[in-house]
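Please open the structure in your viewer and keep the sequence beside it. The tour below moves from one selection to the next and says what is found at each stop.

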Amino acid sequence: MRRIAAMTRSPIIIALVAMLAVAGCANRQTPNTAADLGLGGAGGAGAATPGSTQDFTVNVGDRIFFDTDSSVIRSDAQQTLRRQAQWLNQHRGYSITMEGHADERGTREYNLALGARRAASARDFLIAQGVDGNRIRTISYGKERPVAVCDNISCWSQNRRGVTVLSGAGS
Amino acid sequence: MMTQLRSFVTIALLAAAFALTASLPARAQLQIDVTQGVVEPVPVAITDFLSSDDVGANISQVISDNLRRSGLFAPIDRGAFIERISNPDVAPRFEDWRVINAQAIVTGRVSQEADGRLRAEFRLWDTFAGQQLIGEQFFTNRQNWRRIAHIISDAIYERLTGEQGYFDTRIVFVDESGPKDQRVKRLAIMDQDGANHRFLSDGRSIVLTPRFSPNRQEITYMSYEGGQPQVYLLQIETGQRELVGNFPGMTFAPRFSPDGQRIIMSLLRQDGNSNIYAMDLRSRTTTRLTDSNAIDTSPSYSPDGQRVVFTSDRGGRTQIYVMNGDGSNPQRISFGDGTYSTPVWSPRGDLIAFTKQTGGQFQIGVMRTDGSGERILSTGHLQEGPTWAPNGRVLMFFREPSGAAGPRLHTIDLTGRNEQAITTPNFASDPAWSPLLD
């Protein structure tokens, strides 16, 4: 809960948490909260450089959310993905991994499939917006990597997500 | 690739070795009907096996714990015993055991052979009929004393219930540690009672859904160690691993066929849907069994290999379907309120266990293979993934409380009355029960 509250306060913290959460997927030794790193307040990263992954995460938004047991791209998610596509079409050096995630209110194997369907759905939307499909790979984490750990509907909704993770040189 | 590795233990069994002739009045023998849901477990006396060290008492304790957890037996507190068994070769004083209401008595002795092996003898006595029901002895290496206890437990269970036992078995599962949003998941294996726990993977990659091969030597599971999460095969004793198949996308939800020749699993399609494939492990050829614009997953073969039960949302919400082994004639079998997933065919062939979500709860239940006779055995906040004991009488599953804590393993019998927690060092999920060991 504490982390959710922090995320609503500061866009800088959103960016840091998001980036660190992504790093955490690759290496789970990495602490993944701003609090763990002693970050927060003004000391951290400063303004995002245009074209940087931080710029993408802070100013574009790296994640979209889904309704329960659905892979339909909602209207709010469509806005985010359109911004993502515009940005990605300007910065063609990045490769994209589209992560699909599910909340815990499903069984494990079904949720792996559901996460995959969400990732494919978001990928197809980006392609329809002109992003080269060869730049995008998808991966499903099912319910294995929740961002919000608690037990109510608002938390579960944070976990039903598609996250656009950038890699490569940029520019 | 299915060649047998060496046996885990060497146990020479001399069945019914003792002909103990006690001329006692013939009475109806003790027989427990496991199908009726025994409300009152049968009181039994498990005496300490005579032994020069503590291994005799340890064996008795393991037997006692097994029988108690089955829910069918109530081992009597040793403090209530009147007779002290000093010679397990002669009949106990049955009247002393009838007084404390012991329906059966187990006696035994452990000794060391000249070659260093352990010799374990045991007898099962029917107190009220006043006769011996079993007399057997086993020889094994000393470190296998727990297996002796499980084998004896199975013999007692089988003699008194007429059903196959399930104590000499192992569980492969996923050990979970660390915070919920950064869980470290490791393959682990242990005896069915939680003893002899050891890890089979190092925790660097997420691993999910391990399942035993019919010969118990191999595990198929899903791992994130490659670029894509995919299905792997692990030789338990050698630790040798290999990727199953050469597929472009995610493969998941693997299970062996009953003959061990194939692995059935889901393959993610480019469009985001998932279909079911069977891969022959010798020829490496794959056969597509479903081709729907839906999520088809969690396939499980019938024991004769002729049919496959699986989950699909082709009709809207996830439901359970049964099709032929070649993918033909899929029929929906679940029609209750809510969604159904994780179907697993009973080793007896008569039932399908499943997870059902309804009313914000997760339930473990069983139905007949045509979908009739649905019975819910357990309801909780979050629980799933039933796996059958080899005798088809007990299910293990995992249950997770709300909040930041983690899942634990539990068993429940088919009556739904006897639920037991399984102790593991850390949180645990995705259990799979082995067949009986050799």
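Begin by selecting Leu118(B), whose bridge partner in β6(B) is Thr140(B). Before going further, note that residues are numbered from 1 along each chain as its sequence is written, while chains are lettered from A and ligands numbered from 1 in the order in which they are written. This is a predicted model, in which local features need pLDDT of at least 70 and side-chain atom pairs count only at pLDDT 80 or more, whereas totals for chains, interfaces and linings use all residues.

Now select β5(B), residues 118–126, and β6(B), residues 131–140: 9 bridges join these two strands, which run antiparallel. Strands here are DSSP runs of E with at least two residues, helices are runs of H or I with at least four, and both are numbered from the N terminus; two strands pair if DSSP finds at least two bridges between them. In the hairpin of β5(B) and β6(B), 4 residues lie between the strands, and Gly130(B) in the turn has a positive phi of about 65 degrees.

Ala104(B) stands opposite Asp126(B) of β5(B). These two strands also form a hairpin, with 5 residues between them, and in its turn Gly116(B) has a positive phi of about 95 degrees.

Is β5(B) enclosed or open? Because 8 of its 9 residues are buried, β5(B) is largely enclosed by the rest of the structure. A residue is buried if 20 or more other C-beta atoms, placed from the backbone, lie within 10 Å of its own.

**The open sheet of chain B**

Next, select β18, β19, β20 and β21 of chain B, 4 strands that form an open antiparallel sheet in that order. The edge strands, each pairing on one side only, are β18 (296–301) and β21 (331–332). Between β19(B), residues 307–312, and β20(B), residues 319–324, there are 6 bridges, and Val309(B) stands opposite Val322(B).

**Where the chains touch**

Finally, show both chains: the contact takes 25 residues from chain A and 32 residues from chain B, counting residues whose C-beta atoms, placed from the backbone, lie within 7 Å. On the side of chain A that touches chain B, α6(A) gives the most, with 10 residues. Select α6(A) itself, where 18 of the 21 residues are buried, so the helix is largely enclosed by the rest of the structure. After α6(A) comes Gly130(A), whose phi is positive, near 95 degrees.

Conventions:
Two residues are in contact if their C-beta atoms, placed from the backbone, lie within 7 Å. A residue is buried if 20 or more other C-beta atoms lie within 10 Å of its own, exposed if 12 or fewer, and partly exposed in between; C-beta atoms are placed from the backbone.
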